[in-house]
Amino acid sequence: MPSPVSRLALAVSLSVMTTSAFAGAQPFNTARSIAMGGTGVAVAHPATANTSNPAMLAAGQHEWSDDFGLILPSIHARFADEEETIDQIEDIQDTIDRFGDIDKNSQPEEARQTAGELREQLNAFDRDTVRIDAGLGLSLAVPNNSVSVGVFTNATLRATVRGEFDEADDQFLANLENADKDELLFADLERDLQSRGRILASAVAEVGVAFARSFDIQERSVQIGISPKYVQIQTFQYTQTVSSFDDDEFDADDSQTDKSGFNFDLGAAYAFGEEQQWNAGLAIKNVIPMELDSAASRVDEEVHTFELGPLATAGIAHSGEFHVLTAELDLNKQKAFGYGDDTQWLAVGAELDAFRYAQLRFGARQNLASNDDNSGIEEKTQLTFGVGLAPFGARLDIAGLVSDADLGAAIELGAAF
């Protein structure tokens, strides 16, 4: 029989495969953006501007990237498991199996001790959460002196698995610790235990086009951009007892909800300074708010509302021949879906360039909306780093992310000239 962790993983996988595209709830970031602290509003290259700030499609770029940009593809993933939740699920399943294998007539004391061990494991499992983020994106950009055009599609997934210890199990196992042989023989943990594992996931997939144009105002360059797009959002919610999670009974259609519609992003950028080495950017993503309630299949489940609302981000950057320095701030807070932190990022990033052939990147960001009262894994300070290689117009970007809770990585292939 598959372990609970494999079944939980299968449930998440099935929820993804039943969508029309690989989808996710977190804003999509390219590998370069991730390496630079999640920034991009004031420093995006044409191919990355489609998802960071459409106005940057028409912004001044280095000669090697002002005619054409391609991302094919960009992939990233993050994993957070503060309490080793997956290992706990496996240990709990092992203990349940071990209790069932004990001869209660000849080894009643061992059965009592095993019940006590399981009680401790389930108490420790309560409210522990594991979170997985993943994303995939494609992008094409053709800057132009009149109107710059881009085409893009991207998607991300956030899935959480959370433990919940049922209070009735605490008393049930406490009684087994002092039970006689008959009570031990009658006990069936797979039947009687009600402690649960909950899966909660949210997903967003989008496909769109971007348009941008540059204007000269009082000898200064101003860019305006817009990205009309088609967006699909989904939620997935599934709850089952840890001891009896059965993938044969799993039906993704009963556990997910979805909604789709048209939306758009707006962007602006402004270059200034004696050599226009400074650049300010502003982007507003998902201008039209969208909401979707999750599906609750059990009476003890809470319905969660996923909100895809406008996110405004402002940034500033300084560019030189061999460096880029940037900082940006989310101007409003994004509400968490389910077991997580609200987010509002303050980020800084840097890129050191070696003659356009190689780049070293690093950054950091702080979640200004993080609080100790969240119901899942906190997101506070994250450190990022990465490298880029660009031989003869081809590009390979690799990025990493670390924090107290998260480990993440990204890889991206593309071209620019």
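Reader: Hello! What pLDDT does the protein average?
Author: The model is predicted, and pLDDT is the predictor's confidence in each residue, from 0 to 100. In this predicted model, local features need pLDDT of at least 70 and side-chain atom pairs count only at pLDDT 80 or more, while totals for chains, interfaces and linings use all residues. Residues are numbered from 1 along each chain as its sequence is written, and side-chain values use heavy atoms, without hydrogens and water. A score of at least 70 is reached by 89% of the residues, and the average pLDDT of the protein is 86.

Reader: What share of the residues counts as buried?
Author: Buried means under 20% relative accessible area, exposed means over 50%, and partly exposed lies in between, using a 1.4 Å probe and protein chains only. The protein has 417 residues, and the buried share is 53%.

Reader: Why do the buried residues of α6 line one face of the helix?
Author: Helix α6 spans residues 167-176, and its buried residues are Asp-169, Leu-173, Ala-174 and Leu-176. An α-helix has 3.6 residues a turn, so residues three or four places apart point the same way. The directions from the helix axis to the C-beta atoms define an arc. Seen down the axis of α6, the buried residues line one face because they fall within an arc of 155°.

Reader: Which residue has a side-chain oxygen that reaches a backbone nitrogen at the start of α6?
Author: Here a polar contact is a pair of N or O atoms within 3.5 Å; within protein, one must be able to donate a hydrogen and the other to accept it, and residues adjacent in sequence count only if both atoms are side-chain atoms. The backbone nitrogen belongs to Ala-168, and the oxygen comes to within 2.8 Å of it. The residue that supplies this side-chain oxygen is Asp-166.

Reader: Over how many bridges do β13 and β14 pair?
Author: Two strands pair if DSSP finds at least two bridges between them. Strand β13 (residues 358-367) pairs with β12 (residues 345-354) in the antiparallel sense over ten bridges, and Val-348 stands opposite Ala-364 in β13. β13 also pairs with β14 (residues 381-389), again in the antiparallel sense, and the number of bridges there is nine.

Reader: Which residue in the hairpin of β12 and β13 takes a positive phi?
Author: Most residues other than glycine have a negative phi, and most peptide bonds are trans. This hairpin has three residues between the strands. The residue that takes a positive phi, near 55°, is Phe-355.

Reader: In β16, which residue is the bridge partner of Ile-398?
Author: Strand β16 (residues 406-416) pairs in the antiparallel sense with β1 (residues 69-81) over ten bridges, and with β15 (residues 394-403) over nine bridges. A hairpin of two residues joins β15 to β16. The bridge partner of Ile-398 in β16 is Ile-411.

Reader: Which peptide bond is cis, with omega near -10°?
Author: Look at strand β1, where Pro-73 lies. The cis bond runs from Leu-72 to Pro-73.

Reader: Is Thr-39 buried or exposed?
Author: Thr-39 sits in the loop between α2 (31-35) and α3 (46-52), and its side chain reaches the backbone oxygen of Met-36 at 2.8 Å. Leaving aside residues up to four places away in sequence, Thr-39 touches several residues, including Thr-326, Ala-347 and Val-348. With a relative accessible area of 2%, Thr-39 is buried.

Reader: And Phe-392, is it buried or exposed?
Author: Phe-392 lies in the loop between β14 and β15, and its phi is near 55°, a positive value in a residue other than glycine. At 81% relative accessibility, Phe-392 counts as exposed.

Methods: Helices (H or I, at least four residues) and strands (E, at least two) are DSSP runs, numbered from the N terminus. Contact means heavy atoms within 4.5 Å.
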